[in-house]
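Colleague: Could you walk me through the surface and the inner spaces of this protein? I have some questions ready.

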Amino acid sequence: LRFTGMESALDWHQAKALLEWYVELGVTDAVAEAPIDRYELKPEPPKTPVAPAPAPEGPTPLREVPRTDWVAVAKEHAAGAGSLAALAEAMQAYDGSPLKKGARSFVFSDGNPDARVMIVGEGPGAEEDREGKPFVGPAGRLLDQMFAAIGLNRATPDAQNALYITNVVPYRPPGNRNPTPEEIAMFTPFLLRHIELADPDIIIPMGNIALTALLDRQGITKLRGTWTEVLGKPALPMFHPSYLLRNPISKREAWADLLDIQAKLRAKT
Ligand code: URA
């Protein structure tokens, strides 16, 4: 998208109209304080060539560039966290993913950590990034309504009726794209430790990203509604509420899953 450099000469109404036009064109993120007109940038002067070093005798050995194994670092940091607060701290200190630089907030969890039911979503969207809490946008409102229908909510201190909510990645992927397999792999050790520390009775992976992180599977349409296990605990994959907003016909299946969760909770008390 080419910026004209005219923005500074606009009055408030013109600037607002221009901003709305950019949004209409699909602009979702401002990546710098001020627009850069790259058509006007002068090309960089060519770098002064460096005289080649004299060739060593015999074949040149390939130099190993040390690379950090960020998944191993995540595993180590996650394992060392002895409480939810320590885990949140370890995750915030973790620099493996560039998602951290692009996001406004670190989004760890919401609800009651003593809840019997733990929900795992995908990653923060724009509203979650603004508020620093998972599932506070339209998908979150639907999620709250769905679980309220079986008597569960995130605000109650009563663990029996409570919900605890987190995501696979704690930072908003730019433009709400899906987290990449590398990003999922980096944050999965933290997610597994999160589940161990919260110790819920039931885990609900919502959508394909949670399914990939927790079960290394794809295909939520096929797998939803079938009980499986995560870390030895019962887990019921469900459609993601964002999918249900786009495909309201699938709320029928979601309702069946909610009744299944209710029955499992009753059977386990
Ligand atoms: N979608 C998610 O998966 N998680 C959120 O926190 C918000 C939307």
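Colleague: Is E89 buried or exposed?

Modeller: Happy to start there; this is a predicted model, in which local features need pLDDT of at least 70, side-chain atom pairs count only at pLDDT 80 or more, and totals for chains, interfaces and linings use all residues. Residues are numbered from 1 along each chain as its sequence is written, and side-chain values use heavy atoms, with hydrogens and water left out. Buried means under 20% relative accessible area, exposed over 50%, and partly exposed in between (1.4 Å probe, protein chains only). E89 has 59% relative accessibility, so this residue counts as exposed.

Colleague: Which helix does E89 lie in?

Modeller: Helices here are DSSP runs of H or I with at least four residues, and strands are runs of E with at least two, numbered from the N terminus. By that numbering, E89 belongs to the helix of residues 84-93, α3.

Colleague: How far apart in space are E89 and P113, C-alpha to C-alpha?

Modeller: In sequence, E89 and P113 are 24 residues apart. From C-alpha to C-alpha, their separation in space is 16 Å.

Colleague: Why does V27 count as partly exposed?

Modeller: V27 sits in the loop between α1 (12-24) and α2 (70-79). The residue counts as partly exposed because its relative accessibility is 34%.

Colleague: What is the volume of the largest cavity?

Modeller: On a 1 Å grid over the protein atoms alone, a cavity is a set of points where a 1.4 Å probe fits but cannot get out, and a pocket is an open set with protein on both sides within 12 Å along at least five of seven lines; lining residues have an atom within 4 Å of a point. Grid points are joined across faces, edges and corners, and a volume is the space filled by probe spheres set on the points. The count comes to one cavity of 30 Å³ or more. For the largest cavity, the volume is about 60 Å³.

Colleague: Which element gives the largest share of the lining of the largest cavity?

Modeller: The lining includes M91, F108 and H194. Two or more residues come from each of β3 (163-167) and α7 (181-198). The largest share, four residues, is from α7.

Colleague: And which element gives the most to the lining of the second largest pocket?

Modeller: That pocket holds about 610 Å³ of space. Its lining has 28 residues, with E122, G123, A139, H240 and S242 nearest the centre. With four residues, the element giving the most is α10.
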